[in-house]
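Trainee: Hi, could you walk me through this structure? I'm new to it and would like to start with the pocket.

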Amino acid sequence: MKHVLLLLLLFPVLLFAQNKAEGNYTVDASYFYGNIIPHRKSIQHLITGHPEGVIISFNRKTFGKKEWERVYNYPDWGFSFQYEDMKNQSLGEMYGLYGHYNFYFFKRHLLFRIGQGVAYNTNPYDKETNFRNYAYGASVMPSTYFMLNYNHADIWQGIGIQAGLSFIHHSNASMKAPNTSTNTFAVNVGLNYTFSRDESIAYIPLQKDTVDYKEPVRYNIAFRGGVNESDVIGSGQYPYYALSVYADKRFTRKSAFQLGVDFFWPKYLEEYIKYKAVAYPEENVDGTTDYRKIGAFVGYELFINKLSVEAQAGVYVYEPFKYTGSLYQRVGMKYYISKPIFTGVALKTHGAKAEVLEFTIGARL
């Protein structure tokens, strides 16, 4: 494996550089081999080998016909299929489908990919047949992966090489307990192929400097919903609601800062409080304690095209029942259906522990 990686990394250096016709589409396939990160004690017994698998992707290249393509150095967008053997009978195998973006740096030889999708696990937790799998409480779950690769396209007759690092996250976002999740860190190596090449295809250069891009303060309202379950296995799934009200200031073509307030109605917590009051009387939990929460947050939004990436960090200012910790985070993606209306999906967490997968509808006014 070491010799293969070394050969692939050195091979492009030995080639004579040439200007070649560009192509509209590429496909690539990578093999990966790595380790599950032991981020929680409850999954350490599940780490018994080195996971390996493949990622196969189809990519549509961009050449600057739209402004966002030029601003982001002509990224690719596409779809990926991922297979991972977790090398543990209790964890089973993973199959995933993703949408992704490829971003390029250093004369397009450094590729950064972010993929978001859905994965299927072949052997989730079962109290009778698979009680050791505390990582996945359900077969179908959200999944995210990242790749950072050295990329050299079209070395010989459309064939190129790539090699680098991958990070794959599988978690059912507390939609069903248990949910300790897995994170795989791996090295990958593979081939890519460019087709539909044409001499007439060319990159359109960026003419306008976007540093002076300005917008007035915008006001946002977003309603979020989901389903989740407490850490008590078998306690049941309950609806989750949240309302976010915030302002944002977009100071460049790409970026905006946010400041706002969240109102939470986590119904699973209402049931958990009642459970604690009955099951653990020695803790003196009042079963009528308010389960609702209010948080204040700051955030950042990265605008791509109609799609944007959002990250927020908050603190609970009203939290009668202490369960998850006072700090929370939210990472997600938004899609602008029209200029004011957006929809999206986000993962709300407390450090490394996911609380809920939120589905969002909102307006930016």
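Trainee: By class, how many nonpolar, polar and charged residues are in the lining of the largest pocket?

Mentor: That lining has 24 nonpolar, 21 polar and four charged residues. In this scheme Ala, Val, Leu, Ile, Met, Phe, Trp, Tyr, Cys and Pro count as nonpolar, Asp, Glu, Lys and Arg as charged, and the others, Gly among them, as polar. Keep in mind that this is a predicted model: local features need pLDDT of at least 70 and side-chain atom pairs count only at pLDDT 80 or more, while totals for chains, interfaces and linings use all residues. Residues are numbered from 1 along each chain as its sequence is written, and side-chain values use heavy atoms, with hydrogens and water left out.

Trainee: Which residues lie nearest the centre of that pocket?

Mentor: Gln116, Ser143, Thr144, Val331 and Leu347 do, out of 49 lining residues. The volume of the pocket is about 1,000 Å³. Strand E14 (residues 327–336) gives the largest share of the lining, seven residues. Strands (E, at least two residues) are DSSP runs, numbered from the N terminus.

Trainee: And what counts as a pocket or a cavity?

Mentor: On a 1 Å grid over the protein atoms alone, a cavity is a set of points where a 1.4 Å probe fits but cannot get out, and a pocket is an open set with protein on both sides within 12 Å along at least five of seven lines. Lining residues have an atom within 4 Å of a point. Grid points are joined across faces, edges and corners, and a volume is the space filled by probe spheres set on the points.

Trainee: How many cavities of 30 Å³ or more are there?

Mentor: The count is two. The largest has a volume of about 90 Å³, and its lining includes Ser174, Tyr268 and His350.

Trainee: New topic: how many strands does the closed barrel have?

Mentor: Eight, running E1-E2-E3-E4-E5-E6-E7-E8 with antiparallel pairing. Two strands pair if DSSP finds at least two bridges between them. E4 (residues 93–105) and E5 (residues 110–121) are joined by 12 bridges, and phenylalanine 103 stands opposite phenylalanine 112 in E5.

Trainee: Last topic, salt bridges: how many does a search of the whole structure find?

Mentor: It finds 22, each being a side-chain nitrogen of Lys or Arg within 4 Å of a carboxyl oxygen of Asp or Glu. Glu215, Arg218, Asp248, Arg250 and Arg364 are linked in a network of them.

Trainee: How far apart are the closest N and O atoms of arginine 364 and glutamate 215?

Mentor: They are 2.9 Å apart. Arginine 364 lies in strand E16 and glutamate 215 in the loop between E8 and E9, so this pair ties together parts that are 149 residues apart in sequence.

Trainee: Is glutamate 215 buried or exposed?

Mentor: Glutamate 215 is buried, with a relative accessible area of 12%. Arginine 364 also counts as buried, at 10%. Buried means under 20% relative accessible area, exposed over 50%, and partly exposed in between (1.4 Å probe, protein chains only).

Terms used
Helices (H or I, at least four residues) and strands (E, at least two) are DSSP runs, numbered from the N terminus.
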